[in-house]
Amino acid sequence: MGKALVDQRELYLGLLYPTEDYKVYGYVTNSKVKFVMVVDSSNTALRDNEIRSMFRKLHNSYTDVMCNPFYNPGDCIHSRAFDNMVTSMMMQVC
């Protein structure tokens, strides 16, 4: 029963669509916000655990933005911390 509870809370969808040139990974939050990551297929340095970790970081940063009392839902995200986190993730992938 413990394993079933863990599986229900798993937000990482894994590899959604592999092609010759790209790999598409997915993640969905509890509030049904979906994140998609497209990675070059030639990048063999990224493993599943690293992709999962990157999605968790992105989710945590996104949650921080959404919890800001000055953020209006639906507006563009204007956060240096969020931009810096996304940029550092992109640099890690390249």
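How many disulfides does the chain have?

1. The count comes to zero disulfides, a disulfide being a pair of cysteine sulfur atoms within 2.5 Å. Cys67 is exposed, with a relative accessible area of 58%. Cys76 is exposed too, also at 58%. Exposed means over 50% relative accessible area, buried under 20%, and partly exposed in between (1.4 Å probe, protein chains only).

2. This is a predicted model, in which local features need pLDDT of at least 70 and side-chain atom pairs count only at pLDDT 80 or more, while totals for chains, interfaces and linings use all residues. Residues are numbered from 1 along each chain as its sequence is written, and side-chain values use heavy atoms, with hydrogens and water left out.

3. The chain has three helices and three strands. Their order from the N terminus is α-β-β-β-α-α. Both kinds are DSSP runs: helices are H or I with at least four residues, strands E with at least two.

4. Of the 94 residues, 32% count as buried. Among contacts (heavy atoms within 4.5 Å) with a separation of 6 or more, 31% join residues 24 or more positions apart.

5. Which residues lie nearest the centre of the largest pocket? They are Met37, Val38, Met54, Met90 and Val93, out of 14 lining residues. Elements giving two or more residues to this lining are β3 (34–40), α2 (48–66) and α3 (80–93). The largest share, five residues, comes from β3.

Technical notes:
1 Å grid on protein atoms, 1.4 Å probe; cavity = no way out; pocket = protein on both sides within 12 Å on 5 of 7 lines; lining within 4 Å.
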